[in-house]
Amino acid sequence: MKKLLYAAIIAVLVSAGTVWFARGGPADSSAATSKATPEAVSRYWPGHTPTTKWPTKRPRPTATPTASATVKPSTTPTTTASSKPTPTVPPTTSTKPPTPPVPPPTTTPPANLTVGPAVAGPCSGTPIKLGQDPQSVINSKPAGTTFCFAAGVHRITKTLRPKANQVLASSVGAVLSGSVRLSDSYFKPSGNKWVVRGALPAAYGKIGQCEDEQANICDLREQIFFDGKHLTRVASLSQVTPTSFYGDYSANAIYIGRNPAGHSIEMSKTAQAIGTGGTGVTVRGLTIEHFASPAQSAAVEIGPGWQAIANEFRDNHAVGLKLARADKAVVRANRVTRNGQLGISQWRSQGAQILRNEIDNNNTDGFWIADWESGGIKSTWSSGLIEANHVHNNLGIGIWSDIEETNKVIKGNRIDQNAACGIRYEISYNGTIIGNTITNNGFGVRRTGAGGGKSLFDGGGINVNTSSNVRIEGNTLAGNRNGVAVQSRNRGTATGGQGTFVLRNVKVINNEIDIASGTATIGAVYLGSASIPAGAVTFSGNQYNVDTPSASRFNWMNKLMTASQWKSIGNDTTGTFR
């Protein structure tokens, strides 16, 4: 399995060619209000009909509108985001401003979470007006100050870095945008296309793996928005349609397939909106959009003790929100949608909490769906709680805990219609996966032979890969590509001194599992010499929905079998089969 680790430090330099806008190019001095609004999406993967049938459940175990503004884009060269966080500035005050209450998490999320700036509450503090340089205002005030962004679109040209315990907030629909407007008057007809020249930076190095290995364009950061709608990047001029664009970096030209006259055309340019600085910062009630972050970097990166509450992170090229060495950070009641690679990333953050967020429709720019940190949430080298989130319709894995994670609890989430696994727990330790509802995942993988198959090796509603001390209890799984897929592989040695990664002490207990449709199976399998010793995996007390008693829906040590055969070898002797 190919993998880029977060341990690799990303250093991406955006060319000074972006200062082209200062030479009178097509960067309009007026700023159009973003018209990209959250979309209520309900879609299924092609050829898949969701399964909703399920027997009576047993009790679970306990365990925004934006205002118009006129903003002149700065010609300051874009600051590039890095996956290596800035050293934390020691706090200069112990004062911590109060945060408006947000409903606490529950074990099972409601059908429709109330998230985003609409639930941010009031903001009282130092105003940041349209057209002001936000960093200058932030620098002028002491630690612990609350800043209230005015309504409208604030064009951010360099990463904002707040001091300790400061609050960056809005109660009136402020948008922080990383894009510049490309004036429609600078587009010229070119056959049945329209072209603008000189807006792109010089070519830069590639980061990431794409689902389409031939086109290989997912890492290109500059997105185009037509009246606020994200256009799909294509690999050649001949592929351009009214809903796509082509960026020719060698010729410094952007082609679109619709007449731009009278429309707002924007290009994402700035790499990051907010980055780590002081500890204990709160980001609340903001809409963060159109940032050209490199892959694995985020529009907003938070640090130790930070809180990200009731924001919307949307339409950014790579990750919407990243926790980087963000011990005890809290991410709550946010909408994280339509980001190019991933919704939320967590890296080397201990005791962090991700609670009651809606994370949907991410990986719009075509990163590898099955195996390169695309989709909803990806966490590495971290611990903490992921609870009561709705993670759906992402082109990737719903919730992925990977690489020496420990003491991670994934609890009470609704995870549905993601293209790959619902939950994956991989080469990690001491995991608890409890009380989640996981439906209709795993039907959107396109890349043949790379997680796109139908076996347990290709994942399932829950996938445990070469991990130890994992408890899977009280979950409901229905209509997924597979049920619970437990697999053992040769995955090398941990860097933290735990020794070789092995599959040990995995308990699958008291879950409700539908494996009655398609080619769905459940069980434990191994690859090569990574055999599974007796007692390493336990299935007990689970309730199954199986199409017929003779169906081979169970797999034990690479051998398919029926329900009666499954029970005869000691699995689910107290379970039920319907």
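**Strand pairing and aromatic contacts in a predicted model**

Strands S3 (residues 152–155) and S5 run parallel and are joined by 4 bridges, where two strands count as paired if DSSP finds at least two bridges between them. Strands (E, at least two residues) and helices (H or I, at least four residues) are DSSP runs numbered from the N terminus. The model is predicted, with pLDDT of at least 70 needed for local features and 80 or more for side-chain atom pairs, while totals for chains, interfaces and linings use all residues. Residues are numbered from 1 along each chain as its sequence is written, and side-chain values use heavy atoms, with hydrogens and water left out.

**Strand S5 and its partners**

- His154 has Leu176 as its bridge partner in S5.
- S5 also pairs with strand S16 (residues 287–289), in the parallel sense and over 3 bridges, and here Val175 stands opposite Thr287 of S16.
- In S5 (residues 174–177), Ala174 and Leu176 point one way, whereas Val175 and Ser177 point the other way, and all are buried, that is, under 20% relative accessible area with a 1.4 Å probe and protein chains only, where over 50% is exposed and anything in between is partly exposed.
- In a regular strand the side chains alternate between the two faces of the sheet.

**Aromatic pairs**

- The structure holds 11 aromatic pairs, for which rings of Phe, Tyr and Trp (its six-membered ring) must have centres within 6.5 Å, with planes under 30 degrees apart counted as stacked, over 60 as edge-to-face and the rest as tilted.
- One of these pairs is formed by Phe554 and Trp566, which is tilted, with 5.1 Å centre to centre and 35° between the planes.
- This pair links distant parts of the chain, since Phe554 belongs to strand S44 (residues 554–556) and Trp566 to helix H2 (residues 563–568), 12 residues apart.
- Phe554 is buried at a relative accessible area of 0%, and Trp566 is likewise buried, at 0%.
- The rings of Phe554 and Phe577 are edge-to-face, because their planes stand at 65°, with the centres 5.8 Å apart.
- That pair, too, links distant parts of the chain, from Phe554 in S44 to Phe577 in strand S46 (residues 576–577), 23 residues apart, and Phe577 is partly exposed, with a relative accessible area of 26%.
- Ring pairs link Phe554, Trp566 and Phe577 with Phe539, Tyr544 and Trp556 into a cluster.

**Charges over rings**

- Arg221 lies over the face of Tyr204, at 3.8 Å from the ring centre, under the criterion that NZ of Lys or CZ of Arg is within 6 Å of the ring centre and within 35 degrees of the ring normal.
- Arg424 lies over the face of Trp400, at 4.7 Å from the ring centre.
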